[in-house]
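Subject: Structure for you to look over

Hello,

Please find the structure below, with my notes after it. Could you look through them when you have time?

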Amino acid sequence: AGGDLGRALLAPPEMPDDRFNALAEAFTAMMNDPEFLADAESKGIPLGYASAAEMKEILDGIFATPPEVVELLKVSIEQGFDG
């Protein structure tokens, strides 16, 4: 899922909803700000954006991975994918 998450900005799970929502709204506003976007483009900085709801959906899918799949992946990473 690293490709889907990219360089995500995350907040701790105990963060109050009002603070999280304020940060999410501010980030969305920044990602829609023409001046910010023009500045990033002029510097050759590629931007990709996913909303807080989209990121939550990705994370929920990751956390729902069955333990046996996680264990299989751990073994494959440690011992290689050939065996």
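To count aromatic pairs, I took rings of Phe, Tyr and Trp (for Trp, the six-membered ring) as paired if their centres lie within 6.5 Å; planes under 30 degrees apart are called stacked, over 60 edge-to-face, and the rest tilted. By this rule there is one aromatic pair. It consists of Phe-27 and Tyr-49, with ring centres 5.9 Å apart and planes at 35°, so the pair is tilted.

Confidence

Please keep in mind that this is a predicted model. The mean pLDDT of the chain is 87, and 95% of the residues score at least 70. Where is confidence lowest, and where is it highest? The lowest mean is 68, in helix α1 (residues 2-5), and the highest is 96, in helix α3 (residues 34-42). Where pLDDT is low, the predicted coordinates should not be read in detail.

Salt bridges

Side chains of opposite charge can pair when their charged atoms come close. The structure has two salt bridges. One joins Asp-39 to Lys-43, with 3.2 Å between the closest N and O atoms.

Asp-60 is partly exposed, with a relative accessible area of 39%.

Helix α3 and its ends

At the start of α3, a side-chain oxygen of Asp-33 comes to within 3.0 Å of the backbone nitrogen of Glu-35. After α3 comes Gly-44, which has a positive phi, near 70°.

Leu-37 is located in helix α3. Together with Ile-45 and Leu-47, Leu-37 makes a nonpolar surface patch of about 230 Å².

Two residues and their distances to later positions

Is Met-55 buried or exposed? Met-55, which sits in helix α4, counts as buried because its relative accessibility is 13%, and the cut-off for buried is under 20%. From Met-55 to Glu-78 there are 23 residues in sequence and 28 Å in space, C-alpha to C-alpha.

Thr-28 is found in helix α2 and is partly exposed, at 30% relative accessibility. Thr-28 and Phe-81 are 53 residues apart in sequence, and their C-alpha atoms are 40 Å apart in space.

Regards

Definitions and conventions: Residues numbered from 1 in each chain as written. Predicted model: local features only at pLDDT ≥ 70, side-chain atom pairs only at ≥ 80, totals over all residues. Heavy atoms only, no water. pLDDT = per-residue confidence, 0-100. Helix = DSSP H or I, 4+ residues; strand = E, 2+ residues; numbered from the N terminus. Patch = residues over 30% accessible without salt bridge, like charges linked within 9 Å, V, L, I, M, F, W, Y side chains within 5 Å. Areas by Shrake-Rupley, 256 points an atom, 1.4 Å probe, with all protein chains shown as cover. Salt bridge = Lys/Arg side-chain N within 4 Å of Asp/Glu carboxyl O. Buried < 20%, exposed > 50% of the residue type's maximum accessible area, 1.4 Å probe, protein only. Polar contact = N/O pair within 3.5 Å; in protein donor to acceptor, adjacent residues only side chain to side chain.
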